[in-house]
There are 2 protein chains.
Amino acid sequence: MPVAKGEKLEKYEGLSPAQFFYRNKEIAGFSNPARALYQTVRELVENSLDATETYGILPNISVIVEPVNEDSEKIKVKVEDNGIGVPIKEVPNVFGKVFYGSKYVLRQTRGVFGLGVKMAVLYSQITTATPIYVKSSTQKSRIIYEYKLFIDIERNIPFILSLNVYKKKDSWHGTAVELVLRGNFSQVKKRVEEYIKRTALIAPYATISLKTPDGEIKFKRVSRKLPEPPKIGKYHPRGVDIETLKRLIRKSNSKMTLLDLLSTSFDGVGRITAEKFCEWAGFNPNIKIKKLNLSDLEKLANKMREYNGWRRPKSITLSPLGERLLKEGVKNILKPEFVTAVTRPPSSYGGNPFIVEVALGYGGEIPSSDAPLLLRFANRIPLLYDEGADVSKKVINSIDWNIYKIKFPAPLAIVTHVCSTKVPFKGVGKEAIADVPEVEKEIKIAIREAARRLKRHLSRIEKMFEIKRREVTIKRYMNEVSRSLSYISGIEEEKLKDLLLRILKEDIKRRESSKAGEKIVKKAIVSR
Amino acid sequence: MPVAKGEKLEKYEGLSPAQFFYRNKEIAGFSNPARALYQTVRELVENSLDATETYGILPNISVIVEPVNEDSEKIKVKVEDNGIGVPIKEVPNVFGKVFYGSKYVLRQTRGVFGLGVKMAVLYSQITTATPIYVKSSTQKSRIIYEYKLFIDIERNIPFILSLNVYKKKDSWHGTAVELVLRGNFSQVKKRVEEYIKRTALIAPYATISLKTPDGEIKFKRVSRKLPEPPKIGKYHPRGVDIETLKRLIRKSNSKMTLLDLLSTSFDGVGRITAEKFCEWAGFNPNIKIKKLNLSDLEKLANKMREYNGWRRPKSITLSPLGERLLKEGVKNILKPEFVTAVTRPPSSYGGNPFIVEVALGYGGEIPSSDAPLLLRFANRIPLLYDEGADVSKKVINSIDWNIYKIKFPAPLAIVTHVCSTKVPFKGVGKEAIADVPEVEKEIKIAIREAARRLKRHLSRIEKMFEIKRREVTIKRYMNEVSRSLSYISGIEEEKLKDLLLRILKEDIKRRESSKAGEKIVKKAIVSR
């Protein structure tokens with residue numbers, strides 16, 4: 001093709017995924033030596049939790065952060081778990097190839113991107129030229145293997161420096177990882193500790209220890225009951241896009257009908273539901289899916305999104321905390337006067353099921369401030385950075401708290417927990433959740449429900465206060481009234497006083513019982 | 001290797017970059033139909049600006065957003081520019097391959113990731129099954145070519161549906177792009193308009209029109225003077241990492257010495273600077289670089305970061321607005337009573353030069369609020385989302401404004417502009433800048449400098465106010481005093497009044513001239 005000589009043209013090139021993230025470390029949370037250290041610790045801890053609790057193993061996790069010799073910015077991070085281990089042939093890719101992993105399935109896990117630990121490896125090798133050390137063994141394997149490896153950044157493949165294999169002498173299984181990076185521990189100490197603390201709180205079945213130059217903190221498990229592990233599931237039909245349909249059709253055989261596809265590939269869709277949908281949407285259920293063209297697929301995706309007859313997604317892929325555990329958590333950390341929790345039923349966006357949980361604490365040891373104190377969790381990961389960009393913050397800012405009798409400054413804390421097979425994080429650093437409309441709506445409903453409960457509590461407090469005030473007022477005049485009555489009636493003063501006190505007590509009792517109280521108020525209104 | 005049967009193991013897989021971003025659209029700003037539409041418009045406009053102003057062409061950009069037939073959520077976006085065009089053989093990859101582009105060089109451009117337009121293509125094809133239409137021609141080419149293409153998501157390669165080539169009849173060059181996606185225009189109308197408006201303001205040499213169902217807005221260029229286009233540069237030696245050193249060494253021949261490497265590969269480093277550095281760092285300048293081992297490279301990278309003798313990075317790769325233009329911009333948008341601007345000298349992080357510019361507006365039409373109004377720009381891109389996660393917000397929150405005589409609520413607006421060959425965006429959606437320490441420090445210095453100027457202005461205002469008050473007071477008693485003086489002296493009352501008025505005027509003049517005012521104050525202090 002004719003391109004004239006000497007013309008100003010741009011220079012084009014392609015990057016490997018590893019090159020891309022090497023150039024754009026900030027995107028994955030590795031923006032400076034302090035933050036990189038924080039991010040390294042959390043990526044390793046989250047991998048360890050995924051490798052244990054997801055498979056029914058009570059987690060034992062040890063974290064060590066220590067400077068290497070005299071250089072205080074050269075930090076060794078070591079994390080060991082008792083998880084299911086990484087198979088020997090997968091270790092190189094799992095630690096040395098960006099966009100490779102086991103988390104690309106429909107199931108709630110802390111890890112999702114297949115990126116975090118690779119970023120930690122990358123950051124180590126470019127700041128200290130030290131390879132990652134990995135020791136692992138799976139549960140039934142008879143060997144233990146140790147790798148040292150770098151990432152070949154330009155080609156996005158692992159570069160193995162050494163592999164040692166030896167026989168297992170005991171029943172140890174799990175993974176131990178060691179990295180050396182330039183990190184600033186003093187700047188990020190508080191955050192790391194807070195992260196471990198909040199993790200321990202949301203995973204009370206785990207034993208986690210953190211050893212640093214300042215000493216050791218150990219959180220022992222307070223429960224041996226693991227929550228039901230999440231299972232791998234199917235896409236929910238609402239919000240499935242054209243690409244997903246194309247992929248399913250590509251994989252299917254030529255005899256498959258639309259009815260077959262709908263009733264075998266999607267969550268909660270049987271033949272009856274599929275038939276009803278086809279009728280509603282104007283599709284022939286017996287059409288061979290290989291015959292559908294692009295505009296059919298567009299119509300199908302649109303209709304599937306608009307249809308109201310789908311069942312709510314099943315929650316087998318998810319593992320929410322539940323209202324009881326969430327309330328316990330809030331009581332433990334925040335020690336409020338009042339606490340309530342709401343676990344919403346499962347919902348979905350883009351085919352991904354999710355559950356929103358919200359807890360609301362008021363009073364007690366919660367400090368008064370001009371805005372609610374917000375504690376965010378996603379798939380049991382505490383989110384400590386970037387609150388301002390999070391959907392929960394957006395929802396909280398949009399609520400008129402006066403409706404719920406809350407006037408700031410107030411001692412109000414809100415905990416939000418979004419569980420999903422794919423939490424819509426805004427960045428691969430996993431710090432803020434995007435404002436996907438479905439998720440935003442669920443958070444809003446949950447917070448409002450919790451806030452209504454708080455309002456009832458505050459109203460009750462108000463009423464109790466009113467009753468108390470009434471009691472005090474009446475008691476103040478009791479002697480006077482008894483004396484006057486005694487003078488008029490001739491009945492003994494003490495007797496009258498006892499009688500009046502009894503009447504007052506009964507009246508208070510009646511008013512204090514909430515329902516009776518409401519009746520009294522209603523009667524008063526009616527009788528006007 | 002022995003892996004026991006029936007063992008619980010995870011399922012591992014790799015993803016292509018296109019698959020990764022298809023699954024994680026939120027990360028690139030495509031979180032919902034409204035946001036996706038906004039993001040599509042801005043990615044296309046930013047590409048158009050890069051293809052014109054970077055090459056000395058005065059930009060003419062037309063943007064059309066319109067619904068396709070009766071479906072109000074099926075939106076066509078069309079953007080055309082008069083830029084340098086994309087060479088015919090590059091079109092497929094530029095629009096159909098994630099991590100491919102022309103922006104991976106050391107030069108300030110709006111685009112950086114080689115991702116934005118591909119995300120728009122991806123979003124179109126998965127929501128409406130419509131391919132992207134691209135028409136382009138380079139400046140000296142005699143042909144125009146039209147492509148229609150999809151992205152093969154699993155393989156991350158373009159899938160070309162059609163290519164038409166025809167002879168050019170006029171001298172047209174540039175690129176026109178058309179996409180059809182599910183988008184919600186009414187929800188995002190204001191943001192799109194604001195984006196175009198702010199873009200026009202920061203690029204006063206561009207003509208940009210926006211046509212929507214609600215009518216056409218056109219911003220004509222107010223200047224034909226293009227800023228000096230940025231040039232492609234070298235890495236700055238401070239903060240270069242081990243990976244960069246390895247890459248440079250791999251590319252060099254076996255005779256190259258450390259002195260050669262330092263004095264040819266880095267910004268602002270000649271042989272003398274390189275020799276001084278080697279002496280300071282304890283390196284033999286004549287060592288062959290191929291002989292350096294990993295621990296040498298670690299030491300070299302550390303020493304290069306610590307060395308204080310490097311020159312400031314050259315700013316040829318950057319294209320800041322400059323204080324004058326920035327002040328003009330602020331005057332035009334915000335109409336403040338007072339405005340000042342600070343353009344900092346170039347600095348660098350991780351080898352990437354950057355310049356911070358800050359403008360500060362006070363009073364006038366700026367509304368009073370509890371916190372400063374913040375307008376953020378990065379490489380002349382207006383940033384409208386995720387303010388809470390931005391480094392500028394962090395800096396502003398950390399400043400004690402009382403020091404600068406500002407008490408909130410106050411009518412204070414702050415504009416920050418970070419120009420860099422690589423702006424450290426927090427996400428590939430390019431909405432917030434990460435808190436890289438070097439950038440944070442520069443923003444802080446610039447805001448403080450601007451705030452000090454504002455303080456001087458406020459002090460002056462205070463003094464002027466004091467002078468005015470004095471004038472009013474004196475004038476109030478002027479008649480009384482003249483009459484009394486006239487009575488005592490026998491001089492005509494009117495004459496005395498004129499004289500007194502003249503003295504007063506001179507006194508005010510002297511006080512108003514700032515320096516004289518200061519002198520008076522100093523005298524007053526000395527004479528005590």
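Start in chain B by selecting helix α4, residues 116-128. Helix α4 of chain B lies across β3 (71-80), β5, β6 and β8 (174-182) of that chain, and runs at about 40° to β8(B). Such angles run from 0 to 180 degrees between N-to-C directions, with axes being lines fitted to C-alpha atoms, for helices over the stretch in contact. Helices (H or I, at least four residues) and strands (E, at least two) are DSSP runs, numbered from the N terminus.

A note before you click on: this is a predicted model, in which local features need pLDDT of at least 70, side-chain atom pairs count only at pLDDT 80 or more, and totals for chains, interfaces and linings use all residues. Residues are numbered from 1 along each chain as its sequence is written, while chains are lettered from A and ligands numbered from 1 in the order in which they are written.

**Stop 1: the sheet of chain B**

Show the strands themselves next. Eight of them form an open sheet in chain B with mixed pairing, in the order β7-β6-β5-β8-β3-β2-β9-β10. Two strands pair if DSSP finds at least two bridges between them. At the edges you will find β7 (157-167) and β10 (215-219) of chain B, each pairing on one side only. From one strand to the next, the twist averages 15°.

For a close-up, pick β5 (residues 132-137) and β6 (residues 143-152) of chain B, which pair in the antiparallel sense over five bridges. Y133(B) stands opposite K148(B) in β6(B).

**Stop 2: the sheet of chain A**

Move to chain A, where there are 14 helices and 16 strands. Here too is an open sheet of eight strands with mixed pairing, in the order β7-β6-β5-β8-β3-β2-β9-β10. β7 (157-167) and β10 (215-219) of chain A each have a single partner strand, so one side of each is left without a neighbour in the sheet. The twist averages 15° from strand to strand.

Select β6 (residues 143-152) of chain A: 10 bridges join this strand to β7(A), and the two run antiparallel. Look for Y147(A), which stands opposite L163(A) in β7(A). Then bring up helix α2, residues 33-53 of chain A, which packs on the sheet and touches β2 (60-68), β3 (71-80) and β8 (174-182). Its direction makes about 10° with that of β3(A).

Stay with β3(A). Seven bridges join β2(A) to β3(A), running antiparallel, and the bridge partner of E66(A) in β3(A) is K76(A). The hairpin of these two strands has two residues between them, and there N69(A) takes a positive phi near 40°. Seven bridges also join β3(A) to β8(A), again antiparallel; V77(A) stands opposite L179(A) in β8(A).

**Stop 3: zoom out on chain A**

Along its principal axes, the C-alpha trace of chain A spans about 115 × 75 × 60 Å. Of its 528 residues, 46% count as buried, that is, with 20 or more other C-beta atoms within 10 Å of their own, the C-beta atoms being placed from the backbone.

**Stop 4: where the chains meet**

Show both chains and select the contact residues. In this model, 67 residues of chain A are in contact with 67 residues of chain B, a contact being a pair whose C-beta atoms, placed from the backbone, lie within 7 Å. Among the elements of chain A that each supply at least two residues to this side are α4 (116-128), α6 (242-251) and α9 (294-306).

Strands cross the boundary too: β4(A) pairs with β1 (residues 13-14) of chain B in the antiparallel sense over two bridges. Find G101(A), which stands opposite E13(B) in β1(B).

**Last stop: the axis**

Chain A can be laid on chain B with an RMSD of 0.6 Å by a turn of 179° and a shift of 0.1 Å along the axis. The copies are superposed by least squares on the C-alpha atoms of residues with pLDDT of at least 70 in both. That is the relation of a two-fold axis. To locate the axis from chain A, select G388(A): its C-alpha is the nearest in that chain, 2.1 Å away. The same surface serves both copies, as 100% of the contact residues of chain A recur in chain B.

Technical notes: Contact = placed C-beta atoms within 7 Å. Buried ≥ 20, exposed ≤ 12 C-beta atoms within 10 Å, placed from the backbone.
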